[in-house]
Amino acid sequence: MNLKFSISEQMKYLTQTIDIQKQITEFSLLKRLWLDTEVADWHTSRPRLSLIQVLTHSTDCIGESAYVLDVLDKPELVGIFIDQIMANPNIEKVFHNADYDLNFLGKAQAQNVICTLKMARKIGVKTLGVTNLKLKTLAAELCHFSNVDSEEQGSDWGRRSLSPKQLNYATMDVVYLAAVHRRLLEHTHPDADKESNMVSKHLRQTAKRSESLSFTATKVRVALECPRLFYLNHTFGDKPLFIPSDSSFSIGNPFHQLADRLVHLLIHDSDLQTLFNPPAEQLQIETIAAQIQQRFFELEFSPYLQDAIKNDDRQAPALLQVWQGLQGLIKRFSELLITNRYFCNAESLVSHTFFTGKRRLEHHFTLPDGTLQRVAGELDCLICDLEHRRLSVVEFKTYQPVDPSAQLAQVALYSYILWTKKNVPIDSTIYCVLPEFKEYQYSWEQLENTIHQRIPYKLQQMRQWADWQQGQPDPPPATTQPYLCEICPQKAKCQAFFTTANEAQIAIESFAISDSSQVEQQEPPVSQSNVESEEQEHPSPTADADAIGENLVQTLASFGIGATYHGAAIAPSFIRVKLKPNPGVKVNAILRLSNDLRVQLGLTYPPLIAPQAGFVSVDLPRPDRQTAAFDRYIQPQSSTPSDPVRIAIGVDLEGQLVEADLADPNSCHFLVGGTTGSGKSEFLRSLLLSLLVRHTPDHLKIALVDPKRVTFPEFEQMPWLYQPVVKESERAIELMHNLVSEMDKRYQQFEKAGCANLTDYNKRPQPMPRIVCIFDEYADFMAEKETAKALEFSIKRLGAMARAAGIHLIIATQRPEARVVTPLIRSNLPGRVALRTASEADSTIVLGGKQIEAAYLLGKGDLLYLAGANLLRLQSLFAPSVQLPQTTVKKSDR
């Protein structure tokens, strides 16, 4: 068996039944796949499916996420693929010539299939600027790929083994397909590509900031040792090594550099290779090790030592420790080479024992929740044990680890990633070279059913820890090995940070009353007398606010940032401190300190920092947070059918209520996003009440969609209802269809009356009521493709045309993800309100552009309102109890 290969190869070529079955199961968790097939004997009456090619990432241009499944004469595997992938309506399957490929992949069983050839035909050759619509032509002329190979198309796909050129051809087919699909979407749906670019850009920005969407193998090790140290390292970049007090961790880099030089010397020094010319049984470990040691000392270590001492003679003791470790490594390598000499000749011995090439590895793991998590890292060394015909990843440690099992997890990750790329079992080995050489070795079989199965679950747990914010419940737990705390490099910071987190949580919980019947945490009930006594007038800056501002100035000074305090504005939930940077201080210098200020000031969330006209604003949470009582800001009133219909958004820094006019093109329809605990449900309820107390059922009708059945229970019998509260997807589709029909009917009446809009029409004797549809938890209806398509179609029409007809949409969701709130939806909902979101990506989807601030709001009604080009931070109104106005409804009303 020839085990020699290049680690830089990208594609995964699977031939074993069990491996293909496992991979098909992983594919079934994804939402979109790009697919192609290669067929043997295609020119005969009995063609045979040879390969199924699958790409999992649309932006992959080199085949790193490509899989080639060898299914020649394996009908049972093809059947599994059809059942789990082709017949699955939740997975979008993209082919180029779908009609041809479906002949081999289920035909009529296939659901949710996209054909790029048909897309291209609709656009046309002339518009695309290409000579024809073949996949290779589109790849070269539309997507500008170079060296596009078309020669292998007619090769023999029935022979085995397949050549590297055939496999590369098969791999690149799906790479080209995904690229072509993206370009065609730009023509047919420009917003789709904008969304893709926005998300990609956001991911790059996030990766630059804290690599929060990517983990390294080292971080996995740290998370196993101590979840809290992992959090501090991941969030703030703190040092993550548990080093015993008698260890020297400053020698790690020199040792790794010299170990690389040792392997390079063994591979390229012909004099060393001649040492293994005698038969294996004549070779002595001590003799071989001594000769390698002498040669390496003369050619590599001694020059390295001299250069280091010349620069700093204090390095000599540390480098002597490095030499001690290298001696142990040389002896171990000598043992391995002599053992391997029994199984190969002297000329190929070293090249078959040590593998060079790309050592940087990465892999996207499929987590239990169906999402993907990228893990990357760089292995130290890859060796081959020819006696057992087994590869092994080796990790060098210059100290004896306090927890070898955590170190094992790190190296086991590398072995697993290599296995996914090469499909051969790979062992894991740790060489601890100091203070004495120790080796920890684990076979693939030992790891396969233990560490490797735990990896996806551990990664999902790490993601949850990484997303945690100070003040939230369930912080990353402390280590299960208390002795690690004594040698933790971040012991003091950890104790201060997580103690602060616990105290903050206790303070927050003292203001909250939990209600298990509610999906979201809501503000506690407040009596009207309490509201009046606590909020008789909007608070002005006080000594406390000034003290907070001065403390902020002093904290910035500790980081070398000079600024002067220019006063503060106090909102119900936060204090906006105004700072004037000293001459020469850049605004970015303050912006970059967001996380550091969070730690130093003991904040639950990083403060929102923004440049303003003449100052920099820093929003800090109020220690005595107030509610904005609904009754204080809105009183019942009567209105006419032609009066403006406004909805309450929230209270601003000046204590004024900010409202949105539904007749305004910029605020006629709304998208509202907010995660659990953000106060989204309370916002929707106060918004609805602001309509009901000012407009009678004669003039206003309300349509409510409440799939979770907890947001609008008090409103189910009110006379304003357009129809009963909708709770199921079929009824939701019916409601939206009815609204579209109502819109069309109204425009016909406007035309007859010679009116342009509802406001003009309602000046006539028989006015029509405005209709406001509040659609909560829109994401709950998007899982089924047909439901999603039907709702999107209606929302598109209503969003584009219904304003003048007096029909308005307010679409709300806890999960404003790109797949839920599509570009089509966003483009037709101009009004945007973001309460606290679960991520920065969700914030950008709700608010658009680069607006990530909603991820750092305080929750419980703290919100951002995009009013034209201005982003306003407001506090939502809070109605502790719902008291509907007493009304008299005409019998003719619906």
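This is a predicted model: local features need pLDDT of at least 70, side-chain atom pairs count only at pLDDT 80 or more; totals for chains, interfaces and linings use all residues.

Residues are numbered from 1 along each chain as its sequence is written, and side-chain values use heavy atoms, leaving out hydrogens and water.

**The whole protein**
- The protein has 31 helices and 28 strands (DSSP runs numbered from the N terminus: H or I of at least four residues for helices, E of at least two for strands).
- Of its 894 residues, 54% count as buried, meaning under 20% relative accessible area with a 1.4 Å probe, protein chains only.
- Among contacts (heavy atoms within 4.5 Å) between residues at least 6 apart in sequence, 67% join residues at least 24 apart.

**A four-stranded sheet**
- An open sheet of mixed pairing runs in the order β10-β11-β12-β13; strands pair if DSSP finds at least two bridges between them.
- Its edge strands, β10 (381-385) and β13 (438-442), each pair on one side only.
- β10 runs antiparallel to β11 (residues 390-397), joined to it by 5 bridges.
- Cys 381 has Val 394 of β11 as its bridge partner.

**Two packed helices**
- Helix α9 (residues 217-225) packs against helix α10 (residues 227-236) at an angle of about 140 degrees, with the axes 5 Å apart; axes are lines fitted to C-alpha atoms over the stretch in contact, and angles run from 0 to 180 degrees between N-to-C directions.
- Residues making this contact include Val 222 of α9 and Phe 230 of α10.

How values were computed: Buried means under 20% relative accessible area, exposed over 50%, partly exposed in between (1.4 Å probe, protein chains only).
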